[in-house]
Amino acid sequence: MHKPIPSQGRPANDIIQQLDSFKAEDPNYKDGKVWSLVYYLNEDHSQFLKDAYHSFACENGLNPTAFKSLKTFETEVISATASLLNGPEEVCGVITSGGTESCLMAVKTYRDMAKTNRGIKKPEMVIPESAHVAWFKASEYFGVKIRLVPLLDDLTPDLKKMEKLINRNTVMLLGSAPEYPHGTIDPIEAMGAMAQKHKIPLHVDACVGGFILPFFEMNGEDLPLWDYRVPGVTSISADIHKYGFAAKGASTITYRNLEYLKHQMFVHQDWPGGVFASSALLGTRPGGAYSAAWATLQYFGEDGYRRLAADTLEAINTMKRGVEQIPELAIMGNPQGPLFAYQSVDPEVNIYAVGDQMDKKGWQVNRNQKPAGLHAMVTAHHLNVVDQYLTDLKECVAIVKANPELAEQGGAATYGMMAHIPLRGLVKKKVLDIYASMYQAGGGQVNLAEEAQIDGEQAPQGILEKLLNWYIKRQSRKS
């Protein structure tokens, strides 16, 4: 049965108190033990974001001629972003709702541009295996086939194979700065030369790095070129709500000039409601996201962002040194951004079991696959906890090494099995069924950790556990 709205309204204070109570089951990111999803600094900054967002919470960016304030915010944010990315005067773009929308818009833009200018009817894009999952979503949404570039041992794309994948239907190439799984900055200069040679647009996904790599460089870090200084780069996505520390719902996509951006835009001239034009995916665009993004850039300024970058770099370098001092572990690839991953190099240490033990100590540790590893997206706030993280990590490695049976228990068993289940299409279908069931009518709270009985005791069973049970049953029926 559906839950209707209250028959009568309730006092505002009661509602606000109830809203706060809903946070009881959420991660406590303020303690620095969460390594993704949230970019938190302190309560003063959070309150500033709330005030800046609230100032324009009712305004709508759908029509840029109506709320001129929002268009001013957008223009100034894009101009500052273009300057940060070393763009020439012609660089232009829009604010989007997040990195996924920015990625989607790049694919839509280059698909439509290739159709208009080259008559391409079966578009393809060439992207590395390490590309963010948003690009696979864009492929599915917009019907652009992916040609996947394998990675070398150092986790950078195999450029020789990349060039061989280019054909007459290729509408764009992709590089990342950095890519999410391992923190590697792709060889953008080589990709740019390849893009120019074949006269194909090159997008740089800097959703993670766009608002911190420039400040790393200002602080003296030696980084490869990845922005508009590379001639072949035609567009860049960069999230302000990540390392720009704006309120959620603020990313940017910029293009080298307006001729690219025009292909992103939508116009319908025959709607009975009037001629309609839209610059990106959304219609209604929340004004608070615009005002908070603009305000945040003013709040920190270059000097503030350089301080945050310095703290972030100190934190991540401390973490990397600490991981390297644990003989059973090794850093994956050559991470140069604010995130990295590490793996086990000791057959007696299951890295997923290490993750399970870290979870028990209160850390929310993310898992990688292909190859198996643990992942951390590091912010300036984490500088307060890196020493404790490393102490706990060393202890957890020792626990797992001394208790090899942990590799066959809990999340370690699940993730280990999931990484090796064949017939990935069946895996996809089953995940879809399980995931969709959480949104069915009357489904209630979306909860990835429903209660399950294991050996007579209560234990969490999430999507992966359900999928593992399904696979085991399926294999039993086959045998």
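**View 1. Strand E7 is mostly covered in this predicted model.** Strand E7 spans residues 251–255, where helices (H or I, at least four residues) and strands (E, at least two) are DSSP runs numbered from the N terminus. Five of its five residues are buried, a term that denotes under 20% relative accessible area, with exposed over 50% and partly exposed in between (1.4 Å probe, protein chains only).

**View 2. Strands E1 and E6 are each joined to E7.** Two strands pair if DSSP finds at least two bridges between them. Strand E1 (residues 92–96) runs antiparallel to E7 and is joined to E7 by five bridges; here Thr-96 stands opposite Ser-251. Strand E6 (residues 233–239) is likewise antiparallel to E7, with five bridges, and Ser-235 stands opposite Tyr-255.

**View 3. Cys-103 is in no disulfide.** A disulfide is a pair of cysteine sulfur atoms within 2.5 Å, and a search of the whole structure finds zero. For Cys-103, the nearest cysteine sulfur belongs to Cys-207 and is 4.3 Å away. Cys-103 is buried, with a relative accessible area of 2%.

**View 4. Cys-396 is buried.** Its relative accessible area is 0%.

**Notes.** Residues are numbered from 1 along each chain as its sequence is written, and side-chain values use heavy atoms, with hydrogens and water left out. In this predicted model, local features need pLDDT of at least 70 and side-chain atom pairs count only at pLDDT 80 or more, whereas totals for chains, interfaces and linings use all residues.
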